[in-house]
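I opened my notebook to look up a few places in this structure, one after another, and to write down what I found at each.

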Amino acid sequence: MLKEMFKKTGHIHLPGKLQEPSVPEGLWIKCPKCGEVLYKEDVVGNQYVCYRCGGYFRVKARNRIRMVADPRSFEEWDKGLKTPDPLHYEGYEEKLEGLREKTKLDEAVVTGKIRINGEEAVIGICDVRFLMGSMGYVVGEKLTRAIEKATEQRLPLILFTASGGARMQEGIVSLMQMAKTSAALKRHSDAGLLYITVLTDPTTGGVTASFAMLGDIILAEPGALVGFAGPRVIEQTIGQKLPKGFQSSEFLLEHGIIDGIVERMELKETLHRLICLHNGKAVKTPGKAQEEPETLAGENTAETRKRPQNAWERVQAARSAERPTSLDYIEQIFDGFMELHGDRAFRDDGAIVGGIASFHGTPVTVIGQQKGKTTKENISRNFGMPYPEGYRKALRLMKQAEKFGRPIICFVDTPGAFCGMEAEERGQGEAIARSLLEMSGLTVPVLSIVIGEGGSGGALAMAVGNEVWMLENSTYSILSPEGFASILWKDSGRAQEAAGKMRMTAEDLKDLGIIEQVIEEKEPVSADTLPDVAKDMDEKIREFLEKYSPMGGEELAVQRYDRFRRM
(Lines give C-alpha, C1' and ligand atoms only; values in the text may rest on other atoms or scores of the structure.)
Protein backbone atom coordinates (compact mmCIF):
# COMPACT_ATOMS: atom_id res chain seq x y z
CA MET A 1 0.00 0.00 0.00
CA LEU A 2 2.80 2.41 0.93
CA LYS A 3 4.57 1.57 -2.32
CA GLU A 4 1.49 2.34 -4.46
CA MET A 5 0.85 5.59 -2.59
CA PHE A 6 4.43 6.71 -3.17
CA LYS A 7 4.28 5.89 -6.89
CA LYS A 8 1.21 8.10 -7.32
CA THR A 9 2.21 11.10 -5.17
CA GLY A 10 5.93 10.93 -4.61
CA HIS A 11 5.20 11.04 -0.88
CA ILE A 12 3.69 8.82 1.78
CA HIS A 13 0.60 10.42 3.27
CA LEU A 14 0.07 9.79 6.97
CA PRO A 15 -2.97 11.05 8.91
CA GLY A 16 -2.71 14.75 9.60
CA LYS A 17 0.42 15.55 7.61
CA LEU A 18 2.39 15.19 4.35
CA GLN A 19 6.00 14.15 4.87
CA GLU A 20 9.00 12.58 3.15
CA PRO A 21 8.97 8.79 3.34
CA SER A 22 10.23 7.38 6.58
CA VAL A 23 11.22 3.86 5.63
CA PRO A 24 14.20 1.58 6.13
CA GLU A 25 17.35 2.75 4.31
CA GLY A 26 17.90 1.04 0.97
CA LEU A 27 14.21 0.62 0.13
CA TRP A 28 14.17 3.74 -2.10
CA ILE A 29 16.57 4.96 -4.76
CA LYS A 30 16.93 8.33 -6.51
CA CYS A 31 16.95 8.50 -10.31
CA PRO A 32 20.16 10.18 -11.55
CA LYS A 33 18.31 11.66 -14.54
CA CYS A 34 14.98 13.05 -13.31
CA GLY A 35 15.74 13.14 -9.58
CA GLU A 36 12.61 11.20 -8.61
CA VAL A 37 12.79 8.92 -5.57
CA LEU A 38 11.82 5.42 -6.74
CA TYR A 39 10.96 2.11 -5.16
CA LYS A 40 14.21 0.17 -5.51
CA GLU A 41 12.63 -3.24 -6.04
CA ASP A 42 10.78 -1.92 -9.10
CA VAL A 43 13.95 -0.30 -10.48
CA VAL A 44 15.82 -3.60 -10.15
CA GLY A 45 12.95 -5.45 -11.84
CA ASN A 46 13.08 -2.89 -14.66
CA GLN A 47 16.77 -3.66 -15.35
CA TYR A 48 17.89 -0.53 -13.47
CA VAL A 49 15.90 1.79 -15.73
CA CYS A 50 13.79 4.56 -14.17
CA TYR A 51 10.12 3.67 -14.51
CA ARG A 52 9.20 7.37 -14.58
CA CYS A 53 11.60 9.01 -17.08
CA GLY A 54 13.31 6.00 -18.70
CA GLY A 55 16.72 7.15 -17.46
CA TYR A 56 19.46 4.55 -17.13
CA PHE A 57 21.19 3.83 -13.83
CA ARG A 58 24.83 2.79 -13.92
CA VAL A 59 25.06 -0.92 -13.27
CA LYS A 60 27.46 -2.85 -11.04
CA ALA A 61 29.54 -5.48 -12.82
CA ARG A 62 27.90 -8.37 -10.93
CA ASN A 63 24.42 -7.08 -11.73
CA ARG A 64 25.37 -6.75 -15.39
CA ILE A 65 26.47 -10.39 -15.43
CA ARG A 66 23.11 -11.43 -13.99
CA MET A 67 21.34 -9.43 -16.69
CA VAL A 68 23.08 -11.00 -19.71
CA ALA A 69 24.42 -14.39 -18.56
CA ASP A 70 22.53 -17.63 -18.08
CA PRO A 71 22.08 -18.49 -14.36
CA ARG A 72 25.20 -19.99 -12.76
CA SER A 73 27.12 -19.90 -16.05
CA PHE A 74 29.68 -17.21 -15.12
CA GLU A 75 33.22 -18.47 -14.60
CA GLU A 76 35.41 -15.64 -13.27
CA TRP A 77 39.02 -15.30 -14.41
CA ASP A 78 42.17 -13.69 -12.98
CA LYS A 79 40.72 -12.40 -9.73
CA GLY A 80 43.20 -10.93 -7.28
CA LEU A 81 45.88 -9.44 -9.55
CA LYS A 82 47.89 -6.78 -7.73
CA THR A 83 48.76 -3.27 -8.92
CA PRO A 84 52.53 -2.57 -9.04
CA ASP A 85 52.11 1.15 -8.10
CA PRO A 86 54.77 2.31 -10.63
CA LEU A 87 54.78 5.98 -9.51
CA HIS A 88 54.74 5.13 -5.78
CA TYR A 89 51.90 7.64 -5.64
CA GLU A 90 51.18 8.72 -2.09
CA GLY A 91 48.03 7.15 -0.67
CA TYR A 92 47.33 5.08 -3.78
CA GLU A 93 47.62 1.67 -2.13
CA GLU A 94 45.36 2.80 0.72
CA LYS A 95 42.83 4.13 -1.77
CA LEU A 96 42.77 0.80 -3.59
CA GLU A 97 42.33 -1.14 -0.36
CA GLY A 98 39.44 1.07 0.64
CA LEU A 99 37.73 0.56 -2.69
CA ARG A 100 38.21 -3.20 -2.55
CA GLU A 101 36.52 -3.24 0.84
CA LYS A 102 33.69 -0.92 -0.22
CA THR A 103 32.88 -2.39 -3.66
CA LYS A 104 33.85 -6.03 -3.05
CA LEU A 105 35.79 -5.81 -6.34
CA ASP A 106 39.50 -6.44 -6.75
CA GLU A 107 39.73 -3.90 -9.59
CA ALA A 108 37.70 -1.85 -12.09
CA VAL A 109 36.97 -4.76 -14.43
CA VAL A 110 35.53 -8.25 -14.01
CA THR A 111 36.36 -10.87 -16.66
CA GLY A 112 35.39 -14.44 -17.36
CA LYS A 113 33.33 -16.83 -19.44
CA ILE A 114 29.54 -16.95 -19.66
CA ARG A 115 26.72 -18.53 -21.64
CA ILE A 116 24.03 -16.40 -23.27
CA ASN A 117 20.98 -18.57 -23.98
CA GLY A 118 23.41 -21.46 -24.18
CA GLU A 119 26.00 -19.74 -26.40
CA GLU A 120 29.49 -19.44 -24.89
CA ALA A 121 31.30 -16.09 -24.85
CA VAL A 122 34.12 -14.35 -23.03
CA ILE A 123 33.03 -11.23 -21.18
CA GLY A 124 34.67 -8.22 -19.56
CA ILE A 125 32.70 -5.60 -17.62
CA CYS A 126 34.04 -2.29 -16.39
CA ASP A 127 32.68 -0.93 -13.09
CA VAL A 128 32.81 2.84 -12.49
CA ARG A 129 32.53 2.43 -8.72
CA PHE A 130 36.23 1.52 -8.71
CA LEU A 131 38.16 4.74 -9.46
CA MET A 132 35.65 5.65 -12.19
CA GLY A 133 36.55 2.49 -14.11
CA SER A 134 39.94 3.97 -14.97
CA MET A 135 42.38 1.71 -16.81
CA GLY A 136 45.56 0.93 -14.96
CA TYR A 137 47.90 -2.05 -15.19
CA VAL A 138 45.50 -4.58 -13.64
CA VAL A 139 42.57 -3.53 -15.83
CA GLY A 140 44.77 -3.79 -18.94
CA GLU A 141 46.22 -7.10 -17.83
CA LYS A 142 42.88 -8.70 -16.98
CA LEU A 143 41.40 -7.60 -20.29
CA THR A 144 44.43 -8.77 -22.26
CA ARG A 145 44.37 -12.18 -20.58
CA ALA A 146 40.63 -12.47 -21.30
CA ILE A 147 41.19 -11.57 -24.96
CA GLU A 148 44.03 -14.09 -25.23
CA LYS A 149 41.87 -16.84 -23.72
CA ALA A 150 39.02 -15.95 -26.08
CA THR A 151 41.47 -16.33 -28.96
CA GLU A 152 42.82 -19.66 -27.67
CA GLN A 153 39.32 -21.06 -27.07
CA ARG A 154 37.98 -19.50 -30.30
CA LEU A 155 35.13 -17.74 -28.53
CA PRO A 156 33.35 -14.47 -29.25
CA LEU A 157 34.35 -11.60 -26.99
CA ILE A 158 31.97 -9.07 -25.42
CA LEU A 159 33.31 -6.07 -23.50
CA PHE A 160 31.09 -3.64 -21.59
CA THR A 161 32.88 -0.31 -21.32
CA ALA A 162 32.46 2.28 -18.58
CA SER A 163 35.45 4.42 -17.71
CA GLY A 164 36.85 7.85 -17.06
CA GLY A 165 39.94 6.88 -19.08
CA ALA A 166 43.56 6.23 -18.16
CA ARG A 167 44.50 6.02 -14.48
CA MET A 168 46.51 9.08 -13.49
CA GLN A 169 48.07 7.40 -10.45
CA GLU A 170 49.90 4.94 -12.74
CA GLY A 171 51.13 7.46 -15.32
CA ILE A 172 52.72 6.12 -18.50
CA VAL A 173 52.13 2.49 -17.43
CA SER A 174 48.41 3.19 -17.67
CA LEU A 175 48.87 4.63 -21.17
CA MET A 176 50.62 1.44 -22.30
CA GLN A 177 47.50 -0.59 -21.53
CA MET A 178 45.81 1.05 -24.54
CA ALA A 179 48.40 -0.46 -26.87
CA LYS A 180 48.51 -3.78 -25.02
CA THR A 181 44.77 -4.42 -25.21
CA SER A 182 44.63 -3.27 -28.83
CA ALA A 183 47.46 -5.62 -29.82
CA ALA A 184 45.65 -8.55 -28.20
CA LEU A 185 42.48 -7.62 -30.07
CA LYS A 186 44.40 -7.63 -33.35
CA ARG A 187 45.33 -11.29 -32.76
CA HIS A 188 41.73 -12.12 -31.86
CA SER A 189 40.59 -10.41 -35.07
CA ASP A 190 43.22 -12.13 -37.21
CA ALA A 191 41.89 -15.45 -35.92
CA GLY A 192 38.52 -14.53 -37.52
CA LEU A 193 36.70 -14.21 -34.20
CA LEU A 194 33.79 -11.94 -33.28
CA TYR A 195 34.29 -8.98 -30.95
CA ILE A 196 31.34 -6.93 -29.70
CA THR A 197 31.62 -3.82 -27.55
CA VAL A 198 28.74 -2.37 -25.55
CA LEU A 199 29.34 1.27 -24.61
CA THR A 200 27.74 2.32 -21.35
CA ASP A 201 27.74 5.55 -19.37
CA PRO A 202 30.40 6.95 -19.22
CA THR A 203 32.99 5.74 -21.74
CA THR A 204 35.75 8.31 -22.19
CA GLY A 205 39.49 8.87 -22.53
CA GLY A 206 41.97 6.10 -23.20
CA VAL A 207 39.32 3.37 -23.10
CA THR A 208 37.44 5.10 -25.93
CA ALA A 209 40.73 5.45 -27.84
CA SER A 210 41.51 1.74 -27.55
CA PHE A 211 39.40 -1.35 -26.95
CA ALA A 212 36.01 0.41 -26.78
CA MET A 213 36.07 1.45 -30.42
CA LEU A 214 37.63 -1.67 -31.95
CA GLY A 215 34.60 -3.94 -31.96
CA ASP A 216 33.48 -5.68 -35.11
CA ILE A 217 30.09 -4.53 -33.89
CA ILE A 218 29.77 -1.53 -31.56
CA LEU A 219 26.55 -1.17 -29.59
CA ALA A 220 25.61 1.40 -26.97
CA GLU A 221 22.99 1.91 -24.30
CA PRO A 222 20.63 4.88 -24.76
CA GLY A 223 21.87 8.22 -23.49
CA ALA A 224 25.38 7.04 -22.60
CA LEU A 225 28.17 9.63 -22.56
CA VAL A 226 30.85 8.47 -25.01
CA GLY A 227 33.83 10.50 -26.15
CA PHE A 228 37.60 10.83 -26.12
CA ALA A 229 37.80 14.09 -24.15
CA GLY A 230 35.03 14.65 -21.63
CA PRO A 231 32.62 17.60 -22.04
CA ARG A 232 34.23 19.57 -19.21
CA VAL A 233 37.71 19.18 -20.71
CA ILE A 234 36.47 20.28 -24.14
CA GLU A 235 34.63 23.31 -22.78
CA GLN A 236 37.65 24.38 -20.73
CA THR A 237 39.98 23.90 -23.71
CA ILE A 238 38.02 25.67 -26.44
CA GLY A 239 35.95 27.99 -24.27
CA GLN A 240 32.64 27.05 -25.90
CA LYS A 241 29.43 25.63 -24.50
CA LEU A 242 28.70 22.25 -26.08
CA PRO A 243 25.31 21.56 -27.68
CA LYS A 244 22.76 19.39 -25.90
CA GLY A 245 23.22 15.70 -26.66
CA PHE A 246 26.84 16.11 -27.76
CA GLN A 247 28.84 12.88 -27.19
CA SER A 248 25.69 10.88 -26.44
CA SER A 249 24.98 7.43 -27.88
CA GLU A 250 22.44 9.05 -30.16
CA PHE A 251 25.04 11.58 -31.36
CA LEU A 252 27.48 8.76 -32.17
CA LEU A 253 24.84 6.80 -34.11
CA GLU A 254 23.93 9.84 -36.20
CA HIS A 255 27.61 10.47 -36.92
CA GLY A 256 28.31 6.90 -38.04
CA ILE A 257 30.57 5.88 -35.13
CA ILE A 258 28.50 3.00 -33.72
CA ASP A 259 26.35 0.25 -35.20
CA GLY A 260 23.27 0.69 -33.04
CA ILE A 261 21.63 1.61 -29.75
CA VAL A 262 20.07 -1.25 -27.79
CA GLU A 263 17.59 -0.93 -24.94
CA ARG A 264 18.76 -2.71 -21.82
CA MET A 265 15.73 -5.02 -21.80
CA GLU A 266 16.68 -6.22 -25.31
CA LEU A 267 20.42 -6.51 -24.79
CA LYS A 268 20.70 -10.20 -23.87
CA GLU A 269 18.56 -11.27 -26.82
CA THR A 270 20.47 -8.95 -29.18
CA LEU A 271 23.83 -10.41 -28.12
CA HIS A 272 22.45 -13.92 -28.50
CA ARG A 273 21.16 -13.17 -32.02
CA LEU A 274 24.51 -11.71 -33.07
CA ILE A 275 26.42 -14.75 -31.81
CA CYS A 276 23.97 -17.12 -33.53
CA LEU A 277 24.15 -15.19 -36.81
CA HIS A 278 27.92 -15.30 -36.63
CA ASN A 279 27.92 -19.05 -35.92
CA GLY A 280 25.41 -19.84 -38.67
CA LYS A 281 22.71 -20.99 -36.26
CA ALA A 282 19.04 -20.54 -37.07
CA VAL A 283 17.73 -17.07 -36.27
CA LYS A 284 14.24 -15.95 -37.20
CA THR A 285 13.25 -12.36 -37.79
CA PRO A 286 11.02 -11.30 -34.86
CA GLY A 287 7.41 -11.12 -36.03
CA LYS A 288 8.16 -12.43 -39.52
CA ALA A 289 5.55 -14.78 -40.89
CA GLN A 290 7.08 -18.11 -41.78
CA GLU A 291 4.73 -18.80 -44.70
CA GLU A 292 2.80 -16.53 -46.99
CA PRO A 293 -0.98 -17.06 -46.84
CA GLU A 294 -2.24 -19.07 -49.78
CA THR A 295 -4.25 -17.25 -52.43
CA LEU A 296 -7.58 -18.81 -53.35
CA ALA A 297 -7.75 -20.24 -56.85
CA GLY A 298 -8.72 -17.58 -59.34
CA GLU A 299 -8.42 -14.77 -56.81
CA ASN A 300 -6.59 -11.62 -57.92
CA THR A 301 -4.81 -9.82 -55.07
CA ALA A 302 -4.20 -6.75 -57.19
CA GLU A 303 -5.16 -5.29 -60.50
CA THR A 304 -2.85 -6.71 -63.18
CA ARG A 305 -0.45 -4.08 -64.41
CA LYS A 306 0.54 -3.68 -68.00
CA ARG A 307 3.86 -5.31 -68.86
CA PRO A 308 6.33 -2.68 -70.18
CA GLN A 309 6.94 -2.99 -73.91
CA ASN A 310 9.92 -0.70 -74.53
CA ALA A 311 12.96 0.83 -72.84
CA TRP A 312 11.23 4.03 -71.73
CA GLU A 313 8.37 2.12 -70.13
CA ARG A 314 10.95 0.05 -68.26
CA VAL A 315 12.65 3.26 -67.07
CA GLN A 316 9.29 4.39 -65.71
CA ALA A 317 8.72 1.01 -64.04
CA ALA A 318 12.20 1.06 -62.46
CA ARG A 319 11.47 4.51 -61.00
CA SER A 320 7.97 3.70 -59.75
CA ALA A 321 7.24 4.59 -56.14
CA GLU A 322 5.34 1.27 -55.86
CA ARG A 323 8.46 -0.72 -56.62
CA PRO A 324 9.76 -2.68 -53.57
CA THR A 325 12.95 -1.41 -51.96
CA SER A 326 16.06 -3.23 -50.76
CA LEU A 327 14.63 -3.61 -47.26
CA ASP A 328 11.49 -5.21 -48.70
CA TYR A 329 13.59 -7.90 -50.43
CA ILE A 330 15.74 -8.37 -47.34
CA GLU A 331 12.65 -8.95 -45.20
CA GLN A 332 11.22 -11.45 -47.68
CA ILE A 333 14.34 -13.49 -48.36
CA PHE A 334 16.52 -13.46 -45.24
CA ASP A 335 16.03 -14.36 -41.58
CA GLY A 336 17.22 -12.47 -38.52
CA PHE A 337 18.47 -9.40 -40.39
CA MET A 338 20.25 -7.06 -38.01
CA GLU A 339 21.06 -3.67 -39.47
CA LEU A 340 24.46 -2.17 -38.70
CA HIS A 341 25.11 1.54 -39.03
CA GLY A 342 27.77 4.06 -39.93
CA ASP A 343 31.12 4.42 -41.64
CA ARG A 344 32.99 4.72 -38.28
CA ALA A 345 34.17 8.18 -39.31
CA PHE A 346 31.53 10.76 -40.20
CA ARG A 347 27.86 9.82 -40.54
CA ASP A 348 25.31 7.07 -41.02
CA ASP A 349 24.00 7.46 -44.57
CA GLY A 350 20.38 6.34 -44.83
CA ALA A 351 20.72 5.85 -48.61
CA ILE A 352 22.58 2.60 -47.92
CA VAL A 353 21.43 -0.07 -45.48
CA GLY A 354 23.40 -3.12 -44.49
CA GLY A 355 23.89 -5.77 -41.87
CA ILE A 356 24.04 -9.45 -41.02
CA ALA A 357 21.39 -12.04 -41.80
CA SER A 358 20.83 -15.77 -42.21
CA PHE A 359 20.04 -17.35 -45.58
CA HIS A 360 18.77 -20.90 -45.01
CA GLY A 361 21.25 -21.25 -42.15
CA THR A 362 24.18 -19.58 -43.92
CA PRO A 363 25.44 -16.31 -42.38
CA VAL A 364 25.51 -13.58 -45.03
CA THR A 365 26.17 -9.86 -45.22
CA VAL A 366 23.37 -8.00 -47.01
CA ILE A 367 23.76 -4.44 -48.31
CA GLY A 368 21.32 -2.37 -50.32
CA GLN A 369 20.77 1.10 -51.69
CA GLN A 370 17.56 2.28 -50.11
CA LYS A 371 14.90 4.67 -51.38
CA GLY A 372 12.01 5.92 -49.28
CA LYS A 373 8.31 5.24 -49.71
CA THR A 374 7.09 8.64 -48.51
CA THR A 375 8.35 12.15 -49.14
CA LYS A 376 9.69 12.36 -45.59
CA GLU A 377 11.49 9.03 -45.87
CA ASN A 378 12.87 9.89 -49.31
CA ILE A 379 14.34 13.09 -47.89
CA SER A 380 15.95 11.20 -44.99
CA ARG A 381 17.37 8.64 -47.45
CA ASN A 382 18.30 11.29 -50.04
CA PHE A 383 16.12 9.55 -52.65
CA GLY A 384 18.52 6.60 -52.68
CA MET A 385 21.53 8.69 -53.74
CA PRO A 386 24.44 7.77 -51.44
CA TYR A 387 27.02 10.17 -50.05
CA PRO A 388 30.69 9.10 -49.74
CA GLU A 389 30.04 7.91 -46.19
CA GLY A 390 27.37 5.55 -47.54
CA TYR A 391 29.86 3.82 -49.81
CA ARG A 392 32.38 3.73 -46.96
CA LYS A 393 29.77 2.11 -44.73
CA ALA A 394 29.07 -0.50 -47.41
CA LEU A 395 32.78 -1.20 -47.85
CA ARG A 396 33.27 -1.50 -44.08
CA LEU A 397 30.56 -4.15 -43.97
CA MET A 398 32.07 -5.96 -46.97
CA LYS A 399 35.48 -6.12 -45.31
CA GLN A 400 33.82 -7.39 -42.14
CA ALA A 401 32.11 -10.09 -44.22
CA GLU A 402 35.48 -11.03 -45.72
CA LYS A 403 36.98 -11.40 -42.24
CA PHE A 404 34.26 -13.85 -41.21
CA GLY A 405 33.96 -15.63 -44.56
CA ARG A 406 30.38 -14.50 -45.17
CA PRO A 407 29.00 -14.25 -48.74
CA ILE A 408 27.86 -10.74 -49.71
CA ILE A 409 24.51 -9.98 -51.36
CA CYS A 410 24.07 -6.42 -52.72
CA PHE A 411 20.81 -4.86 -53.88
CA VAL A 412 21.38 -2.01 -56.33
CA ASP A 413 18.75 0.72 -56.65
CA THR A 414 19.97 4.29 -57.12
CA PRO A 415 19.56 7.12 -59.63
CA GLY A 416 23.28 7.67 -59.00
CA ALA A 417 25.72 8.81 -56.35
CA PHE A 418 24.82 12.18 -54.84
CA CYS A 419 26.65 14.97 -56.67
CA GLY A 420 26.22 17.89 -54.27
CA MET A 421 28.91 20.13 -52.81
CA GLU A 422 29.06 18.19 -49.52
CA ALA A 423 29.69 14.94 -51.41
CA GLU A 424 32.57 16.50 -53.31
CA GLU A 425 34.06 17.94 -50.12
CA ARG A 426 34.03 14.50 -48.53
CA GLY A 427 35.55 12.70 -51.53
CA GLN A 428 32.75 11.11 -53.53
CA GLY A 429 35.06 10.03 -56.35
CA GLU A 430 37.58 8.49 -53.97
CA ALA A 431 34.86 6.60 -52.08
CA ILE A 432 33.51 5.04 -55.28
CA ALA A 433 37.00 4.28 -56.60
CA ARG A 434 37.94 2.62 -53.30
CA SER A 435 34.82 0.46 -53.48
CA LEU A 436 35.71 -0.74 -56.98
CA LEU A 437 39.28 -1.50 -55.91
CA GLU A 438 38.43 -3.37 -52.73
CA MET A 439 35.43 -5.28 -54.11
CA SER A 440 37.53 -6.63 -56.97
CA GLY A 441 39.78 -8.45 -54.51
CA LEU A 442 37.25 -9.73 -51.94
CA THR A 443 37.84 -13.36 -51.03
CA VAL A 444 34.17 -14.24 -50.46
CA PRO A 445 31.35 -14.71 -53.01
CA VAL A 446 29.75 -11.41 -54.08
CA LEU A 447 26.35 -11.24 -55.80
CA SER A 448 24.82 -7.95 -56.96
CA ILE A 449 21.17 -7.66 -58.01
CA VAL A 450 19.79 -4.54 -59.71
CA ILE A 451 16.21 -4.25 -58.42
CA GLY A 452 15.33 -0.78 -59.71
CA GLU A 453 17.56 1.94 -61.09
CA GLY A 454 21.23 1.21 -61.68
CA GLY A 455 22.58 4.69 -62.18
CA SER A 456 26.18 5.14 -63.31
CA GLY A 457 29.20 4.81 -60.98
CA GLY A 458 26.91 5.08 -57.98
CA ALA A 459 25.46 1.70 -58.94
CA LEU A 460 28.72 0.13 -60.12
CA ALA A 461 30.26 0.83 -56.70
CA MET A 462 28.04 -1.98 -55.37
CA ALA A 463 28.07 -4.17 -58.46
CA VAL A 464 31.62 -5.55 -58.71
CA GLY A 465 30.31 -9.06 -58.16
CA ASN A 466 31.12 -12.58 -59.22
CA GLU A 467 27.75 -12.29 -60.90
CA VAL A 468 25.36 -9.40 -61.53
CA TRP A 469 21.64 -9.95 -62.07
CA MET A 470 18.77 -7.65 -62.97
CA LEU A 471 15.04 -7.72 -62.48
CA GLU A 472 13.29 -7.63 -65.84
CA ASN A 473 12.02 -4.05 -65.40
CA SER A 474 15.15 -2.58 -63.84
CA THR A 475 17.68 -0.45 -65.69
CA TYR A 476 21.47 -0.10 -65.57
CA SER A 477 23.22 2.64 -67.49
CA ILE A 478 26.02 5.17 -67.77
CA LEU A 479 23.59 7.91 -66.62
CA SER A 480 19.90 8.81 -66.89
CA PRO A 481 18.23 9.07 -70.32
CA GLU A 482 17.63 12.75 -69.57
CA GLY A 483 21.33 13.26 -68.92
CA PHE A 484 22.33 11.28 -72.01
CA ALA A 485 20.04 13.35 -74.24
CA SER A 486 21.22 16.59 -72.68
CA ILE A 487 24.92 15.80 -73.18
CA LEU A 488 24.75 14.30 -76.69
CA TRP A 489 21.81 16.17 -78.21
CA LYS A 490 21.59 19.26 -75.97
CA ASP A 491 17.92 18.39 -75.46
CA SER A 492 16.81 16.55 -72.30
CA GLY A 493 13.32 16.37 -73.79
CA ARG A 494 14.52 13.52 -76.01
CA ALA A 495 14.92 11.23 -72.98
CA GLN A 496 12.47 8.65 -74.33
CA GLU A 497 14.46 8.36 -77.54
CA ALA A 498 17.70 8.18 -75.56
CA ALA A 499 16.42 5.26 -73.46
CA GLY A 500 16.09 3.20 -76.61
CA LYS A 501 19.56 4.11 -77.83
CA MET A 502 21.36 3.44 -74.54
CA ARG A 503 20.65 -0.32 -74.31
CA MET A 504 19.93 -0.01 -70.60
CA THR A 505 17.33 -2.74 -70.10
CA ALA A 506 18.00 -6.14 -68.54
CA GLU A 507 17.48 -7.89 -71.87
CA ASP A 508 19.97 -5.57 -73.61
CA LEU A 509 22.59 -6.00 -70.93
CA LYS A 510 22.24 -9.78 -70.93
CA ASP A 511 22.90 -9.72 -74.69
CA LEU A 512 25.95 -7.49 -74.13
CA GLY A 513 27.37 -9.89 -71.54
CA ILE A 514 27.23 -7.27 -68.78
CA ILE A 515 24.94 -9.35 -66.55
CA GLU A 516 24.42 -13.09 -66.01
CA GLN A 517 20.71 -13.42 -65.28
CA VAL A 518 17.38 -11.66 -65.81
CA ILE A 519 14.76 -12.30 -63.11
CA GLU A 520 11.32 -12.36 -64.66
CA GLU A 521 8.54 -9.96 -63.72
CA LYS A 522 5.22 -11.13 -65.15
CA GLU A 523 4.07 -7.61 -64.34
CA PRO A 524 6.01 -4.73 -62.75
CA VAL A 525 6.85 -5.96 -59.26
CA SER A 526 4.86 -4.40 -56.43
CA ALA A 527 3.96 -5.23 -52.84
CA ASP A 528 1.39 -7.72 -54.12
CA THR A 529 3.71 -9.60 -56.46
CA LEU A 530 6.85 -9.31 -54.31
CA PRO A 531 6.47 -12.74 -52.62
CA ASP A 532 6.54 -14.54 -55.99
CA VAL A 533 9.53 -12.56 -57.27
CA ALA A 534 11.35 -13.00 -53.96
CA LYS A 535 10.73 -16.76 -54.03
CA ASP A 536 12.29 -16.97 -57.49
CA MET A 537 15.21 -14.82 -56.33
CA ASP A 538 15.64 -17.01 -53.24
CA GLU A 539 16.01 -20.14 -55.39
CA LYS A 540 18.53 -18.44 -57.67
CA ILE A 541 20.59 -17.17 -54.70
CA ARG A 542 20.74 -20.75 -53.37
CA GLU A 543 22.13 -21.90 -56.71
CA PHE A 544 24.65 -19.04 -56.70
CA LEU A 545 25.94 -19.98 -53.24
CA GLU A 546 26.12 -23.67 -54.14
CA LYS A 547 28.30 -22.72 -57.12
CA TYR A 548 30.60 -20.15 -55.53
CA SER A 549 30.87 -21.05 -51.82
CA PRO A 550 33.16 -24.07 -52.44
CA MET A 551 35.66 -21.83 -54.25
CA GLY A 552 38.76 -20.59 -52.44
CA GLY A 553 39.32 -16.90 -51.79
CA GLU A 554 41.95 -16.45 -54.48
CA GLU A 555 39.83 -18.34 -57.01
CA LEU A 556 36.84 -16.05 -56.30
CA ALA A 557 38.94 -12.92 -56.76
CA VAL A 558 40.43 -14.26 -60.02
CA GLN A 559 36.98 -15.17 -61.37
CA ARG A 560 35.75 -11.66 -60.57
CA TYR A 561 38.81 -10.13 -62.26
CA ASP A 562 38.36 -12.27 -65.37
CA ARG A 563 34.66 -11.40 -65.53
CA PHE A 564 35.37 -7.69 -65.88
CA ARG A 565 38.54 -8.24 -67.91
CA ARG A 566 36.39 -9.66 -70.72
CA MET A 567 34.26 -6.52 -70.94
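Before listing residues I noted that buried means under 20% relative accessible area, while exposed means over 50% and partly exposed lies in between. I also noted that this is a predicted model.

I found Met338 in strand β13, residues 335-339, and it counts as buried because its relative accessibility is 10%. Leaving out residues up to four places away in sequence, I listed its contacts as Thr270, Arg273, Leu274, Leu277, Gly354, Gly355 and Ile356. Thr270 is 68 residues from Met338 along the chain, yet their C-alpha atoms are separated by 9.0 Å.

Lys186 and Asp190 meet through their side chains at 2.8 Å, N to O; they are four residues apart in helix α6, so about one helical turn separates them. Lys186 is partly exposed at 48%, whereas Asp190 counts as exposed at 54%.

Glu472 forms a salt bridge with Arg314, with the closest N and O atoms 3.4 Å apart. This pair links distant parts of the chain, 158 residues apart: Glu472 lies in the loop between β18 and β19, and Arg314 in helix α11. Glu472 is buried at 12%, and Arg314 is buried at 12%.

Conventions: Residues numbered from 1 in each chain as written. Predicted model: local features only at pLDDT ≥ 70, side-chain atom pairs only at ≥ 80, totals over all residues. Heavy atoms only, no water. Helix = DSSP H or I, 4+ residues; strand = E, 2+ residues; numbered from the N terminus. Buried < 20%, exposed > 50% of the residue type's maximum accessible area, 1.4 Å probe, protein only. Contact = heavy atoms within 4.5 Å. Salt bridge = Lys/Arg side-chain N within 4 Å of Asp/Glu carboxyl O.
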